[in-house]
Each structure stands twice: as structure tokens, then as C-alpha cells.
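We will go from selection to selection and look at what turns up at each stop.

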Amino acid sequence: MAEEEAQEAAGAVTRPGLREPGVSVYSEALGAELCAAVAAGRPLSSVCDEPGRPHRTTVRRWETSHPAFGEAMRAAYMEARVSQRMRDRQKTAELALRPPPRRGGKASGYTRALGQAICMRLEAGRSLTSIGRDDDMPCYGTILAWVKRHPAFEAMYVAARETQAEYLFDEARDVALEATKDSVPLARLQFDVIRWQAARLAPKKYLDRLVAAEEMAELGVGPRGGVLGGRRGALDRPRHVVFSVVHFERGPAGRVLCAPPRNAAEAQAWIEDTGAPYAPGVGPNGQMRPPLLNPPISPT
């Protein structure tokens, strides 16, 4: 009985239900291999799962029954933790040195094929901001810089915007036709935005000019810039801009008075509150009282 207990303590006897260990006798060479594997960062469970290795419970008993092995195993665990911290710090430093990710796009080398691809997406109704977010496209600012730098691309860009207005015009109709009773508020918002953009991209075709036409007619200017009725338009007449300054101050009786008075009622309020008609100059608190431009007309 004492012999069986000694063998169990050494790992030679296993309990029912446990995995049969490959090795149950401790040796310094085997202990050094286990310590080296643990110090390299491998979990003890994965090391013990290899063929010919002892079970991890056996290794734990060895750490107790062989003090030198237990000390070496603790040193191996410490070395593994220190190595892991060093790897984490190195990874953090590498991430900090990396350049920030670019917002969309590839290198900003302009080619005619790339310019045509951008214009084709514009003609299909895409916005320039969404195109700049595509992985195979340059960013928004680069595209606008190309428009200023390359005349050929500028011509393609302007033509694409005009074609985009045609797409948006049809898209507004599709939004209206697809609207349901429950989606009318959202569809109305989408329709207004699409119509507004189409009118700005192609104002000669889609801009609502009713208000502008009425104002031009009042000025005597025809639809093509001519003079209506054989007379000169009001645009050629001299115009005068008049500015009036009005401020408010509290009178002796506590009434708020308008300086200068703008009508007969405000002029009467000055007489009732101060006992005298309004007069320009400097008020009791240092406020300026401008002169009357047009004296108030008393009601008849």
C-alpha cells in the first residue's frame, strides 16, 4: 500500500477517468524541455497533449515533488509573460508609426481612363462625395483638383454633370411614382432635394423661372434681355437707397417711445409722455435722437 502511494505521488499510477500519461517518471532532461516550451509562450496543456509527454496534472505534481523543477517552471512562466508584454508593446509601437488610413481612393495619378470612370459614375446619378469614398477612386479633393488642373477632364466633368441632371430628373419621377400613403413625407423630401439639384445642374431646362420672369416683366425686360414695349427697362433708371435709423427709449412716465416717431400715434405718445413734441438731439441718457425724415401725418 505504501508502495502504491509512492508511485502515485511520482505519477506512475493514474486515477480512473484521467488520460493515461505518456511519461510518468520525471527526468531533468524532460523537465528542461517542458520549461523551454512554456518559456517560448506555449500553454502547458498544448505541450502535454503531444505524444510522449506527461499529463499536466503529473507536471503539477512534479513541481511540488521536485523543488528545482518547480522553480524552473515558475521562471519559465515569468519569462513567457515578459515576452508577451514585449510583443504587445512592439505591436503598439508599430501601429502608432503607421500612417493614418486614407479616406477612399488610390494614388492621385490622373489618367484619361480614370477620368472617364469618374464621369460615368456621375452620369449614373452618383454624388462626388460617394465616388471619392470608393476604394478604386481618388478622394473628393483630388477629383476637384484634377478638374482645375486638366482641361480635358474639366470638359468631361461639366458634360457629366449636365447628363447627371437628366438622370436626376427621371429619378424624381420614379420617387414620386413609388411613393405610398405611408411614405409620402419621406418621398416628398427626396423629391424636393432631387428636383433642386437637377435645377442647379441644368438651370436652362429645369429651373423654375416663374418668379424670375415676373420680376423681369416688372422691370420691363423681355425673356431674352430685350426691352418690352419699345421703352427702356427699369434697370436703366437711377435708384436711391434710403436707410432710416430708429431706436427706442423709455420716457419720464415709463412709456417706451420710438425715436423718431414713425406715425402720428408715436408722435402723440411723445407729447403725452414728455409734454413736448419730439425734437432731434441728445437724450437724457446720452442717446442720439435723429431728425425726422418725413413728419408724421396727423389723421384727419
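In which helix do Glu-71 and Arg-74 both lie, and how many residues apart are they? Select the two: they lie in helix H5, 3 residues apart, which is about one turn of the helix. Keep in mind throughout the tour that this is a predicted model. The side chains of Glu-71 and Arg-74 meet in a salt bridge, with N to O at 2.9 Å. Glu-71 has 49% relative accessibility and Arg-74 has 48%. Exposed begins over 50%, so Glu-71 at 49% counts as partly exposed, and so does Arg-74 at 48%.

**Next stop: helix H10**

Now select Arg-188 and Asp-192. Their side chains also form a salt bridge, here with N to O at 3.5 Å. Both residues sit in helix H10 (residues 184-201), and because they are 4 residues apart, about one helical turn separates them. Arg-188 is partly exposed, its relative accessible area being 48%. Asp-192 is partly exposed as well, at 27%.

**A network of charges**

Select Glu-33, Arg-42, Glu-50 and Arg-53 together. Salt bridges link these four into a network. Zoom in on Glu-50 and Arg-42, where the closest N and O atoms are 2.7 Å apart. Glu-50 is partly exposed at 28% relative accessibility, and Arg-42 is partly exposed at 35%. Over the whole model, the count comes to 12 salt bridges.

**Along helix H2**

Next, select residues 28-39, which make up helix H2.

Colour the buried residues of H2: Leu-30, Gly-31, Leu-34, Cys-35, Ala-37, Val-38 and Ala-39. Then bring up their surroundings, and you will find them packing against helix H3 (44-48), helix H4 (56-65) and helix H5 (67-97). Following H2 comes Gly-41, which has a positive phi, near 105 degrees.

**Aromatic rings**

The model has 8 aromatic pairs. Start with Tyr-26 and Trp-62: their ring centres are 5.4 Å apart and their planes are at 70 degrees, so this pair is edge-to-face. It links distant parts of the chain, with Tyr-26 in the loop between helix H1 (2-10) and H2, and Trp-62 in helix H4, 36 residues apart.

Then move to Phe-153 and Tyr-157, an aromatic pair that is tilted: 6.3 Å centre to centre, with 50 degrees between the planes. Both lie in helix H9 (residues 151-178), 4 residues apart, or about one turn of the helix. Phe-153 and Tyr-157 are both buried.

Methods:
Residues numbered from 1 in each chain as written. Predicted model: local features only at pLDDT ≥ 70, side-chain atom pairs only at ≥ 80, totals over all residues. Heavy atoms only, no water. Expected span 1.5 Å × (residues − 1). Buried < 20%, exposed > 50% of the residue type's maximum accessible area, 1.4 Å probe, protein only. Contact = heavy atoms within 4.5 Å. Phe/Tyr/Trp six-rings, centres within 6.5 Å; stacked < 30°, edge-to-face > 60°.
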